[in-house]
Amino acid sequence: MKTRGLYIAISLVSLIVLPFVAGDFYINLATQVLIAVVFSASLNILVGYAGLSSLGHAAFLGFAAYICAGTTVTLGLPPLVAAVLALAGTTLLAAIFGAIALRASGLGFLMITLALAQVVWGLAYRWVGLTNGDNGLTGLTRPHPFGVSLDSPAAFYLATLLTTGIALTVIAILVGSAYGVSLQGTRDQPRRMAALGHNVWLVRWTAFIIAGFWAGVAGLLYVYYQRYIHPSVLSMATSAEGLLGVIAGGSGTLAGPVVGAALVVILKNYASIYIERWNMLLGAVFVLIVLVMPDGIVPGVRRLLARRDR
Amino acid sequence: MTVPALLIENLHKSFRGLIATNDVTMRIEPGERRLLIGPNGAGKTTLFNQISGDLLPGAGRIELFGTDVTTLPPHRRAHMGLARTYQILTLFPRETLLRNVELALLGLRPGRWNMVRPLARDRALVQEAAVALTRVGLGGLADRPVAALSYGEKRRLEIALALAQNPRLLLLDEPLAGLSTEERETVRKVIADIPRTTTVVLIEHDMDIALDLADTVTLLQFGTVIVDGTRDSVIADPRTREVYLGH
């Protein structure tokens with residue numbers, strides 16, 4: 001336990017020091033990793049702790065990003081109002097999508113989440129008056145919270161790091177709470193949970209909404225990082241990458257989505273420099289992970305370490 | 001006339017033409033110990049599943065403590081004081097014994113929605129869960145994972161989850177199945193010690209122990225009630241001998 005605290009402290013310090021020693025390329029890469037971490041961590045609430053595999057999580061990231069960009073650029077609303085609107089709207093969308101998707105479970109749930117996300121994706125492409133279609137929305141500037149400019153890569157990285165830290169802490173607390181333990185109960189033994197007095201549907205629906213909210217937070221970070229939004233962010237590829245991050249890192253663990261999301265983003269960035277078909281490499285790496293550590297990197301490494309200590 | 005703990009009227013259930021429950025009517029008084037017997041496939045567990053709300057009946061009515069619950073979902077029935085165990089173990093395999101019982105206790109408390117407070121810090125809950133485990137003789141194993149338990153211990157944990165809730169009506173589905181002679185005695189004592197404020201309906205094939213625990217007996221065959229009455233009258237009935245005890 002003591003060494004674990006030490007590791008966390010060391011990585012935290014190096015994460016804070018990073019923007020002062022690294023170049024802009026690496027700072028931006030790290031920012032992308034953090035955004036992907038928030039996204040995967042939010043999806044992990046559903047996939048890992050609720051046992052509900054979704055292929056439509058990009059809908060919430062993209063929806064928040066579009067509301068934020070749209071209200072700021074088109075309507076000229078201040079960033080704080082735009083952010084609140086984006087998160088409120090995304091949470092509401094998650095509530096509606098959750099109510100629909102939770103009519104099914106397992107593969108049916110997966111397909112419904114995918115279908116709903118494709119609807120949002122299609123709207124972003126076709127509702128040109130609202131979204132500017134394939135051209136995307138441009139002209140977004142980063143906010144100045146408390147008078148601090150986030151225009152430089154380093155400043156934006158630190159703001160993202162802070163947000164990621166808050167997100168992971170809140171999710172960690174959630175998982176250990178009475179609600180979080182009950183949620184895992186509905187994953188492992190839904191029938192028993194109902195017989196014990198837990199409203200399984202409501203527990204899952206709540207988890208869906210919470211997951212949607214945090215995906216919305218990732219969406220805000222994303223849109224302010226890019227200063228631009230295009231319908232492709234709503235595509236299934238975004239959802240699938242998030243899901244890959246969760247599964248590769250280890251679903252149902254706190255560190256899993258962190259490791260997995262970092263792996264996906266870094267592979268994507270580096271591999272795309274050297275080979276055109278980087279998706280193939282990504283696929284090969286994941287096949288390897290699934291073969292060697294079927295339940296993900298974090299549980300896999302943990303098991304290896306336990307074996308070594310024995 | 002007192003309000004019955006459980007009232008079943010003209011209940012019907014069939015699965016694609018296979019009749020599992022056929023016009024079953026039953027009345028169980030508060031505090032009663034009722035034993036359900038019958039050959040395999042008689043529809044005993046199907047009846048339990050309808051009482052607990054896992055299955056909706058095709059026709060008929062179910063009343064718990066005077067309230068119609070026929071279409072109520074399982075969790076609402078649990079909040080009315082109904083608890084059950086399963087013939088096939090239905091535990092939380094990744095969790096410790098303590099966590100298992102905590103989930104049972106949380107089921108009836110508003111605190112189950114708390115998203116902030118670490119569950120491990122809830123001392124009162126931990127204490128109560130430990131007491132429930134001690135009640136079935138598993139007090140010393142609280143921090144073990146379920147996977148580390150023997151089959152007999154798992155059976156007792158199965159009962160502990162239901163008992164922890166101090167239910168008004170408890171449905172026990174073959175609590176002795178697969179247990180050794182000593183383990184049977186342990187579980188028999190656990191069931192015998194349940195206070196009379198809890199009404200108990202029991203499905204069991206071990207007649208030596210089960211008849212001893214029961215006040216009244218209902219014999220089912222092909223989903224139909226064949227004989228129904230006090231223990232001695234049902235044992236004495238020639239139809240019981242023919243359908244069930246005679247082999």
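Reader: What makes β4 and β5 of chain B count as paired strands, and how do they run?

Author: In this predicted model, two bridges join strand β4(B), residues 59-64, to β5(B). Two strands pair if there are at least two bridges between them, so β4(B) and β5(B) pair, and they run antiparallel. One of the residues concerned is Leu64(B), whose bridge partner in β5(B) is Thr67(B).

Reader: What is the order of the strands in the open sheet of chain B?

Author: The order is β2-β1-β4-β5, four strands with antiparallel pairing.

Reader: Why are β2 and β5 of chain B called edge strands?

Author: Strand β2(B), residues 18-28, and strand β5(B), residues 67-68, each pair on one side only.

Reader: Which strands of chain B does helix α1 lie across?

Author: Helix α1(B), residues 44-52, lies across β1(B), β2(B) and β4(B). Its direction is at about 65 degrees to β2(B).

Reader: Why is Arg27(B) called partly exposed?

Author: Arg27(B) is found in strand β2(B). Arg27(B) has 15 C-beta neighbours inside 10 Å. A buried residue needs 20 or more and an exposed one has 12 or fewer, so with 15 Arg27(B) counts as partly exposed.

Reader: Which residues is Arg27(B) in contact with, leaving aside its neighbours within four places in sequence?

Author: Those are Pro4(B) and Leu7(B). Contact here needs C-beta atoms within 7 Å. As for Ile88(B), the C-alpha atoms of Arg27(B) and Ile88(B) are 26 Å apart in space, and the two residues are 61 apart in sequence.

Reader: How many residues of chain B are in contact with chain A?

Author: There are 27 from chain B, in contact with 19 residues of chain A. On the chain B side, the elements that give two or more residues are α2(B), residues 74-79, and α3(B), residues 97-106. By class, that side has 14 nonpolar, seven polar and six charged residues.

Reader: At what angle do helices α3 and α4 of chain A pack?

Author: Two packed helices are described by the angle between their axes and the distance between the axes. For α3(A), residues 58-74, and α4(A), residues 79-101, the angle is about 145 degrees and the axes are 8 Å apart. The crossing is right-handed.

Reader: Which residues make the contact of α3(A) with α4(A)?

Author: Among them are Phe60(A), Phe63(A) and Ile67(A) of α3(A), and Leu85(A), Leu93(A) and Phe97(A) of α4(A). By class, this contact has 15 nonpolar, four polar and no charged residues.

Conventions:
Residues numbered from 1 in each chain as written. Chains lettered and ligands numbered in written order. Predicted model: local features only at pLDDT ≥ 70, side-chain atom pairs only at ≥ 80, totals over all residues. Contact = placed C-beta atoms within 7 Å. Axes fitted to C-alpha atoms, helices over the stretch in contact; angles between N-to-C directions. Nonpolar A, V, L, I, M, F, W, Y, C, P; charged D, E, K, R; others polar. Left-handed = near helix turned anticlockwise from the far one by under 90°.
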